[in-house]
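Me: Hi! Could you walk me through this one before I set anything up with it?
Reply: Happy to, let's take a look together.

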Amino acid sequence: MRGGPGEAERRQRWGRLFEELDSNKDGRVDIRELRQGLARLGGGDPDRGAQQGISPEGDTDPDGGLDLEEFILYLQEREQRLLLLFHSLDRNQDGQIDVSEIQQSFRALGISISLEQAEKILHSMDRDGTMTIDWQEWRDHFLLHSLENVEDVLYFWKHSTVLDIGECLTVPDEFSEQEKLTGMWWKQLVAGAVAGAVSRTGTAPLDRLKVFMQVHASKTNRLNILGGLRSMIQEGGVHSLWRGNGINVLKIAPESAIKFMAYEQIKRAIRGQQETLHVQERFVAGSLAGATAQTIIYPMEVLKTRLTLRRTGQYKGLLDCAWQILEREGPRAFYRGYLPNVLGIIPYAGIDLAVYETLKNRWLQQYSHDSADPGILVLLACGTISSTCGQIASYPLALVRTRMQAQASIEGAPQLSMLGLLRHILSQEGVRGLYRGIAPNFMKVIPAVSISYVVYENMKQALGVTSRAGKQAI
């Protein structure tokens, strides 16, 4: 480690930092000033860091602030903790952290990052251009951040979120062992579920219009967006635009929980002796987890389609709908359209994940010179584009699935298999027939992503989840 400063120099440096944080010049640093300082410095969690700094252990007076001596005592303890963290990441104990040591530390927690990503992380702290981090660079970068252990450091560099546009969510979130032990993972899932519920409810009219056009639009009736909305409102009033939304929201929690548990088990089976998974392996694990969840909750998908398309007074509610299907069509009706649904997961998952990773890494390589964090707007844009590409590829299978789910309830409709229905659509309507309803589907992407993100961020704050930005799967 290069050049340890003397005690006098340290106190002088801490004094300058104290003066910088003491914005109202009252000789004390309170929570508000410390939070503003953390936000100005960037990174970490300002609220958590401020609460940690202005704590009973650091503040000997019960007035909610630190004077200079209390602040120096707090920083002494912080530097001791950061020194231990520095040594734990400096695996070869040469006094510097390099790119390979950053990658090794991530791998130890089961998180894979590329060489380019590790270089971005290092570059964000490397002030002297040596492509290594020495003690002084490490200390100055993290002195006021709320970091307690190695997992916190890596969590600071890691980005993920839960965004829901009501389609097949592909790869569940990645959680470190520390997040699992502290229970942070379930708070993330709860925040994601609430965000999904609000997002789906907000865009339910467009979702119902999509299903309506998938089933009823054809070359002969030329049903368009305005015609579809007018037809639904005339039949059941404005409130009918939300038909099917209740069960669409209801199935979020079981689907997310099953997918998360299946993903963890499948990852463990694929990984074996490896420390982490590559993108291709995550795709396989995510697809299998999605298929597992869909298999278990698929009857709810069928009920959602029937309730979405129902006429006024056709069903008294969810249970009545389920009973009528069981009585008239038998148990097999609850798995109509299952095959195209599962087959659709593969192109959606593969394209969504591949496009997202490609766009994010390309942006980092070309435009992000000072930080490993592309920023939330870039991540949202990458997620929206990748999800759209995945939907284009899998949409024909989604349309066939919906028609198979609905055809038994439509008078005079042929009862066809997946291949029979595909041939029927192509012969009667051409390739365009496989994309009926895709316009309202695209129209809901941006509002759904926006609503989901805003609600998710507010739910995280309410549940005390530290800030994270990025994508689980859109």
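Me: How does pLDDT look over residues 1–5?
Reply: This is a predicted model, and its pLDDT stays under 50 over residues 1–5. For that stretch the model has 11 contacts beyond four places in sequence.

Me: And what about residues 467–474, how many contacts beyond four places in sequence there?
Reply: The model has 49 of them for residues 467–474, where pLDDT again stays under 50. Where pLDDT is low, the predicted coordinates should not be read in detail.

Me: What's in the chain in terms of helices and strands?
Reply: You'll find 21 helices and four strands. Of the 474 residues, 51% are buried. Among contacts between residues at least 6 apart in sequence, 70% join residues at least 24 apart.

Me: Switching topic: at what angle do H11 and H12 pack?
Reply: About 100°, with the axes of H11 (residues 204–216) and H12 (residues 225–236) 10 Å apart. Angles of 65 to 115 degrees count as roughly perpendicular, so H11 is roughly perpendicular to H12.

Me: Which residues make that contact?
Reply: From H11 come Arg208, Leu209, Phe212 and Met213, while H12 brings Ile225, Gly228, Leu229, Ser231 and Met232. By type, that contact has six nonpolar residues, two polar and one charged.

Me: Which residues of H14 are buried?
Reply: Among them are Ile252, Ile258, Phe260, Ala262, Tyr263 and Ile266, and the charged residues Glu255, Lys259, Glu264 and Lys267 are buried too.

Me: How far does H21 reach from its first C-alpha to its last?
Reply: Helix H21 (residues 445–463) reaches 26 Å, close to the 27 Å expected for its 19 residues. Its buried residues include Val445, Ala448, Val449, Tyr456, Glu457 and Lys460. Just after H21, glycine 464 takes a positive phi of about 75°.

Me: What is phi at glutamine 93?
Reply: Near 55°, so a positive value in a residue other than glycine.

Me: Where does glutamine 93 sit?
Reply: In the loop between helix H4 (68–89) and strand S3 (96–97). Glutamine 93 counts as partly exposed because its relative accessibility is 49%.

Notes. Residues are numbered from 1 along each chain as its sequence is written. This is a predicted model: local features need pLDDT of at least 70, side-chain atom pairs count only at pLDDT 80 or more; totals for chains, interfaces and linings use all residues. Side-chain values use heavy atoms; hydrogens and water are left out. Axes are lines fitted to C-alpha atoms, for helices over the stretch in contact, and angles run from 0 to 180 degrees between N-to-C directions. Helices (H or I, at least four residues) and strands (E, at least two) are DSSP runs, numbered from the N terminus. Angles under 35 degrees count as roughly parallel, over 145 as roughly antiparallel, 65 to 115 as roughly perpendicular and the rest as oblique. Contact means heavy atoms within 4.5 Å. Buried means under 20% relative accessible area, exposed over 50%, partly exposed in between (1.4 Å probe, protein chains only). pLDDT is the predictor's confidence in each residue, from 0 to 100. The expected span of a helix is 1.5 Å times one less than its number of residues.
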